[in-house]
Amino acid sequence: MARAMTADARKKVARERIELGGLIVKAGLRYDERALLLGALVELSRRLKSDEGGAFSQSDAEDV
């Protein structure tokens, strides 16, 4: 039984990764340097989590 739960969990994780990859494609970043994408995502995550109110807010997203 535990083995089946593990397989289900792996399927869920795999599906999530596929969906996230789809976001990269939709953003038009499919052929960009992977290290650049990772760095940009890490920086965005850092800014969103910062205590200074974040450099990117919901109002910024509405301007795009």
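R47 and E43 both sit in helix 2, 4 residues apart, or about one turn of the helix. Salt bridges with shared partners link E43, R46 and R47 into one network; a salt bridge here is a side-chain nitrogen of Lys or Arg within 4 Å of a carboxyl oxygen of Asp or Glu. This is a predicted model, in which local features need pLDDT of at least 70, side-chain atom pairs count only at pLDDT 80 or more, and totals for chains, interfaces and linings use all residues. Residues are numbered from 1 along each chain as its sequence is written, and side-chain values use heavy atoms, with hydrogens and water left out.

**Fold and surface**
- The protein has 3 helices and 0 strands, where helices (H or I, at least four residues) and strands (E, at least two) are DSSP runs numbered from the N terminus.
- Of the 64 residues, 2% are buried (buried is under 20% relative accessible area, exposed over 50%, partly exposed in between; 1.4 Å probe, protein chains only).

**Salt bridges**
- The whole structure contains 3 salt bridges.
- R46 and E43 are 3 residues apart, about one helical turn.
- E43 is partly exposed at 29% relative accessibility, and R47 is partly exposed at 38%.
- In helix 1 (residues 2-26), R15 and E19 lie 4 residues apart, and their closest N and O atoms are 3.5 Å apart in a salt bridge.
- R15 is partly exposed at 48% relative accessibility, as is E19 at 46%.
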